[in-house]
Each structure stands twice: as C-alpha cells, then as structure tokens.
Amino acid sequence: MRSRTDLVEDLMQRFPHVPREAVIKEDLLRGGLAFDDSALSDNEDGEVKPKSYFIFSFDHRTLPELGTAALRRPPEEIVLTGGPYELRRTVVSVRVNPDSPYQVRADEDGALRLFLDGRPIADVGLPPMPEYYRHKLSGGKSVMEIAPTIQWGYLIYLTVFRVCQYFGAKEECQYCDINHNWRQHKAAGRPYTGVKPVDEVLEAMEIIDRYDTSGMSKAYTLTGGSVTSKVDGLAEADFYGRYAEAIEQRFPGRWIGKVVAQALPKADVQRFRDYGIRIYHPNFEVWDKRLFELFCPGKERYVGRAEWHRRILDSAEVFGPRNVIPNFVAGVEMAKPFGFDTVDEAIASTTEGLEYFMSRGITPRFTTWCPEPTTPLGSTNPQGAPLEYHIRLLEAYRATMDAHGLSSPPGYGPPGAGNAVFSVSSFMDSLPPAEESEPEARAALSVPPAGPAPAGEPA
Ligand code: SF4
C-alpha cells in the first residue's frame, strides 16, 4: 500500500515549482498531526504559547476525544525547518489528529522533531509564551481568551462574537463548527466569552501594546459569527464597527484593522471604513453555484450568491480592490456526496472564481479546509480533500495572480517560502518572496504611521 510519504514525495516531484514547504504544510493542515505528551504545552502557566481555539476548533476530534491534549493544550503553531526535504522556516497552525501519520515528539537526542510514517522529516520549534499572555485583565480574564495572537504573533485575532446567528442544519455553513466549538468549550468549563465587551478588548490590546516591545503584532482581525438580527442592539456593521472605532481612537494607526463579516450593502461597508477598518474580508466560501447553495444555506437564504458577489464588487469601490480580500474554504468543493468527483473539475471551478475576482483587481485568499468531526461535511469526509487538489490550487492561484499582474495581498506579512507567517494555508509560502514593506503597506491602506498616541489622547 502507498504510504503518506510516497504521496508527499510523488507530489513534490510532479510539482517541483510548488515549494516543498507548502506540500508538507498543506498535508498537515488538511489532515492534522498527533502530539506526544512531551510536546504539549502547560497551558497558560508554561513556556510554550498554547492553542487558543481562536474561532473554530480546527481539530479532527472533539475535545473529550483528544486525551491529554484536552488537558494540556497543544501549541498554537509550530515552525518547521531542515530535515531530508531541507525545509525553510515554515509556520503551521496546529490541528490535532491523534491518528495522523505525522507526529511531533522528542528524538533520541531530546530535540523535538516532526515524524512522518515514523521517520523524522523536520526540526520543530514551538512558539514561546509571549510576555503579554502572562498578564491578566483587571477582571481576571486572560489576554489569550480576549485577544489571542496567531501567525507567530503578527495578527491579533478578535473573535468578538463567539457564535453565529445562522443556527442549525438549515442555516449553518456545512463545514463550520463555530457553534459546536462554543458548546464544547463551555461544557469543558473553559472560559469562553460569547460577546466580548469593548472595554475588555481595549484592556487586552493595551497589555499587548505594552509588552509587545519588538512590535511583532502588526494587524488585528475583528470577526465572529454572522449577525442576521442584532447583538447588543446593533446590526452587523455597527456591532463589529464599534470595536474598530474604540481601538482606532485609543491606538490610532498602531495596527492594520481588518474585519471578516458578511457581504453587506455598500452603505454598511462604508461604515466599516469610517470606523477605521482598512481591510474587508466578505468571504465567498466556495465558488460553484450549486455547492454554495448546498454548503452555505443560511447565506444563500438571507443574501443569495449573486447578491453576495455583487456586494463584494461594490465594496471594492469603498475600500479599493486591493483591500477587499474575500476568503474561500479550500477543499470543500471536493466534499462527498455533493462535491466534484475529480481534482480537475474542482480546480477548474475554483479557478473560474479566482478569475472572476482577480480580473477586477480583487485578490481572494483561502484557508485549508479542516474537516472537523461535528460538521456535516467533516463527518462524511474525515480525510478532507486530496492533497493533490491543494497543491494544484497553489499553482492555479499563483498563475491567475500573475496573469492579472497582482501580488500578495496586504496585511499578511512577507510572502515566500521561509518568510511567510500566515499559518492556515500555504498561499503566502508559495508566492515569490518580497518583503512586505510596512510603510508601503500603510500608505496603500491609508493607515497613519504607528507611533505614540497624539497629545490629548489618553496615554
Ligand atoms: S456564516 Fe457560516 S462560516 Fe461564518 S460563522 Fe456562520 S456558520 Fe460559520
């Protein structure tokens, strides 16, 4: 029988222009990895930055099925280097799967390594506990709970609404476990704030600002479930916008502000911009019409695919096309029983979507589908999509980008194998290297230079 190593090496050989780092990273993201107990964190009391469960579970088992990893969290991310494939520095988000052929454990010499099919294939670095995680908010909550950072500290991830108002089988996106993740953390007795108060978010940001002395954190993302009615008496644009307004008043230009929200009407999108947001992610999820209707029943019912796409184009008039970056969930278009049967068909469909947006100057990006077990698509497709699909998507993405003269989207840190920090897909690892120049990115985004608060503002 063909081993996973055979599969990986065959793809590295057939697609030599896709970085080997990206092949390993995609395989880890779609299928997860196992952790020896010695490679787990000591939660918030140790030296390793623990997995924060920043929005979805991104695990291949429910918490009660994770064994020791449910009690001592795995690290938020790992960084891979070296080994037989001579990997350049590769940051990978951690998705736990106790049955994965990939395992992180200490070698005989005591150094942590990534093993595939029992063979060491990379050195493993763990993220150090950031100083700002060691300080609590005045009410006792942790910074990790209110304002976790991911992408090796680049991005502050503010899931300010921990559930989604698309609820149940007829509305929830069929690959999304946001509502289940809420329930499982509550059931485990973990702190998990449903609607994060603005003042708690500000307090956590102050702690990050004070202790992130090397300036690693460059951006924040405001996100959470969709708001179809109201939260705290506010509709979606004003609910998410109020956090940006407070952050920008308190820390003008300190971070690049982003929001992941529904594709809203243009007037609402303008409000996001007025509140201080600089990058808008109205995620289109999956391109194919039939699959969108099946996989995103709530979005189809409340907004509809055609209107969703129209609104994405409209939002480019507000933010500028470079700063509209809709996400899709790479791989769900191959989920059985409804998805495409062949990689060729799936790539052709997704490329059509990339062409639609990129020909208009809008650069989508994607996260690699993690088939979480409590979702309808994850439960019927525990292996996720074929690895070949993910590798060919990287190829198609770069080719479409080149054809339209586009470069890596702003707000993701530097592109290129060995440089990228974006951890939930390898699209940034597979683009050509080019240092993201912070002043240039800020100028393009109309973000004022970072610096001390102006006189008259609270210090
Ligand atoms: S809109 Fe869909 S993907 Fe987004 S949180 Fe709700 S169910 Fe999940």
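**Reading strands, domains and a core**

Visitor: Which residue of β3 stands opposite E77?

Guide: In this predicted model, S93 in β3 stands opposite E77.

Visitor: What is the order of the strands in the open sheet, and how do they pair?

Guide: The sheet has six strands, ordered β1-β4-β5-β6-β2-β3, and its pairing is mixed. At the edges are β1 (34-35) and β3 (87-93), each of which pairs on one side only.

Visitor: Which helix packs on the sheet, and which strands does it touch?

Guide: Helix α2, residues 20-31, packs there and touches β2, β3 and β4 (102-106). The direction of α2 makes about 20° with that of β3.

Visitor: How should I think about side chains along a strand?

Guide: As a general idea, side chains in a regular strand alternate between the two faces of the sheet. In this structure, the bridges themselves can be followed strand by strand. β2 also pairs with β6 (residues 119-125), antiparallel, over three bridges; in that pairing L80 stands opposite V124 of β6.

Visitor: How many bridges join β5 to β6, and what happens between the two strands of that hairpin?

Guide: Four bridges join β5 (residues 112-116) to β6, and the two run antiparallel. One of the bridge pairs is F115 with P120 in β6. The hairpin has two residues between its strands, and D117 takes a positive phi near 50°.

Visitor: How is the chain divided into domains?

Guide: The division gives domain 1 (4-125) and domain 2 (131-445). Their C-alpha centres lie 22 Å apart.

Visitor: How does one express the size of the interface between such parts?

Guide: Generally, the accessible area lost when the parts come together is often quoted.

Visitor: Where do nonpolar side chains tend to go?

Guide: In soluble globular proteins they tend to be buried together. In this model, the largest nonpolar core has 127 residues, and V143, A147 and V259 touch the most other members. Helix α14 (residues 387-403) supplies the largest share of this core, seven residues. The core draws at least three residues from each of domain 1 and domain 2.

Visitor: Which residues is V259 in contact with, leaving aside neighbours within four places in sequence?

Guide: V259 is in contact with L222, T223, Y240, A244, F272, I277, Y280 and H281.

Visitor: Where is T221 placed, and why does T221 count as buried?

Guide: T221 is in strand β9, residues 219-224. T221 counts as buried because 23 C-beta neighbours lie inside 10 Å, and the cut-off is 20 or more.

Visitor: What is in contact with T221, beyond its neighbours within four places in sequence?

Guide: The contacts are L155, Y157, L158, K258 and V260. As for A147, one of the core residues that touch the most other members, it is 74 residues away from T221 along the chain, while their C-alpha atoms are separated by 9.9 Å.

Key: Residues are numbered from 1 along each chain as its sequence is written. This is a predicted model: local features need pLDDT of at least 70, side-chain atom pairs count only at pLDDT 80 or more; totals for chains, interfaces and linings use all residues. A nonpolar core is a set of buried Ala, Val, Leu, Ile, Met, Phe, Trp, Tyr and Cys residues joined through C-beta atoms within 7 Å. A residue is buried if 20 or more other C-beta atoms lie within 10 Å of its own, exposed if 12 or fewer, and partly exposed in between; C-beta atoms are placed from the backbone. Domain bounds come from an automatic or database domain assignment. Two residues are in contact if their C-beta atoms, placed from the backbone, lie within 7 Å. Two strands pair if DSSP finds at least two bridges between them. Axes are lines fitted to C-alpha atoms, for helices over the stretch in contact, and angles run from 0 to 180 degrees between N-to-C directions.
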